[in-house]
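Subject: Structure handover

Hello,

Here is the structure I said I would pass on. Please open it and keep it beside this email while you read.

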Amino acid sequence: MHTIVYDNPDQLARSTAEKIIGTVEHNPNALLCLAGGETPRLTYRYTAAIAKDKGIDFSAVQFVSLDEWIGVSTSNTGSCYYFLQQMLFAPLDIPSANIHFFDACAVDLDAECKRIDNIIGQLKDIDLMLVGIGMNGHIGFNEPGVAVDQAAHTTVLDISTQQVGQKYFLENTALQKGITLGMAQFMQAQTAILLASGITKAAIIKKALEEEITNAVPASFIQKHGNAFVMLDMAAASLLQ
Ligand code: GLP
């Protein structure tokens, strides 16, 4: 695990964008899994801008969902899909056939998990998985206590996740459950990036990186990942030894 600390959120975002671009330059057929959430917003803005500037072809890149709020449709502005569509898929002209996202309104959510597991299985391992960290140490919707050998699954969300999640929505929204790739898929990704920015993430970053590896803090498993980068700004890294 490599921990890299940047002076400010702008440098953090620029370098993370360059890592995404570098992955695609190296492998134009890459399979990417990119988190929603506030943290990577600037990273994606830079990714789209650098790709346009350098003329990087994203047309053969495949994208798989990290997570989604169950019951929230892709047209809801708070959905992970909507966010990525706005930030990356539309600006980069990604063909819809290359976008493999959870339908969080599906009647049979177990079948939906299997569908996404199968797509990953058919394509290959995820080349680059970029995740944020929840205030409780979650990755995607792998909440504290998760069985870490799982692939895609549904879960009841922590109260803290339900409350924090309201920030993505225009109106109060029921967010009791989530659908997510599992920790097994995170650990198998060729490259994993954990991105965190701001003082509010400092305490959980310290716990995840410097304390024991435990499913009580799912992000702590990044310590065991074979090729992981923890990319932080100074504020998020401020409690690290
Ligand atoms: C959310 C999402 C995660 C996200 C994390 C951090 O609940 N399920 O995929 O990475 O929590 O979000 P943010 O970047 O907004 O702090």
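How many residues does the largest nonpolar core have, and which of them have the most contacts inside it? This is a predicted model, and in it that core has 75 residues. Tyr 44, Phe 58 and Leu 181 are the ones with the most contacts inside it. Helix α1 supplies the largest share of this core, six residues. Another core lies apart from it and has seven residues, including Trp 69, Phe 141, Leu 157 and Phe 169.

Helix α1 has 18 residues, and the distance from its first C-alpha to its last is 26 Å, close to the 26 Å expected at 1.5 Å a residue. Its buried residues are Leu 12, Ala 13, Ser 15, Thr 16, Ala 17, Ile 20, Ile 21, Thr 23 and Val 24. Several of these numbers can be read with one rule in mind. An α-helix has 3.6 residues a turn, so residues three or four places apart point the same way. The cover over the buried residues of α1 includes β1 (2–6), β2, α2, β6, β9 and β10 (228–233).

Helix α2 runs over residues 41–54. Thr 43, Tyr 44, Tyr 46, Thr 47, Ala 48, Ile 50 and Ala 51 are its buried residues. Among the elements that cover them are α1 (9–26), β2 (31–34), α3 (80–89), β6 (128–131) and β9 (191–196). Just after α2 comes Gly 55, with a positive phi of about 65 degrees.

Is Trp 69 buried or exposed? Trp 69, in strand β4, has a relative accessible area of 3%, so it counts as buried, the cut-off being under 20%. Leaving aside neighbours within four places in sequence, the residues in contact with Trp 69 include Gly 78, Cys 80, Ala 104, Phe 141, Leu 157, Thr 161 and Phe 169. Trp 69 and Phe 102 are 33 residues apart in sequence, while their C-alpha atoms are 9.5 Å apart in space.

Thr 161 belongs to helix α5. Thr 161 is buried too, with a relative accessible area of 6%. Beyond its neighbours within four places in sequence, Thr 161 is in contact with Trp 69, Asn 136, His 138, Phe 141 and Glu 143. Thr 161 and Met 129 are 32 residues apart along the chain, and their C-alpha atoms are separated by 21 Å.

The largest pocket

The largest pocket holds about 640 Å³ of space. It is lined by 35 residues, and Gly 36, Gly 37, Glu 38, Lys 167 and Tyr 168 are the closest to its centre. β4 (67–69), α3 and α5 (159–164) each supply at least two residues of the lining, and α3 gives the most, with five. By class, the lining has 13 nonpolar, 17 polar and five charged residues.

One backbone angle

Most residues other than glycine have a negative phi. Asp 93 has a positive one, near 55 degrees. Asp 93 sits in the loop between α3 and β5 (99–100). Its relative accessible area is 61%, so Asp 93 is exposed, the cut-off being over 50%.

Regards

Methods: Residues numbered from 1 in each chain as written. Predicted model: local features only at pLDDT ≥ 70, side-chain atom pairs only at ≥ 80, totals over all residues. Heavy atoms only, no water. Helix = DSSP H or I, 4+ residues; strand = E, 2+ residues; numbered from the N terminus. Expected span 1.5 Å × (residues − 1). Buried < 20%, exposed > 50% of the residue type's maximum accessible area, 1.4 Å probe, protein only. Contact = heavy atoms within 4.5 Å. 1 Å grid on protein atoms, 1.4 Å probe; cavity = no way out; pocket = protein on both sides within 12 Å on 5 of 7 lines; lining within 4 Å. Points joined across faces, edges and corners; volume = space filled by probe spheres on them. Nonpolar A, V, L, I, M, F, W, Y, C, P; charged D, E, K, R; others polar. Core = buried A, V, L, I, M, F, W, Y, C linked by side-chain atoms within 4.5 Å.
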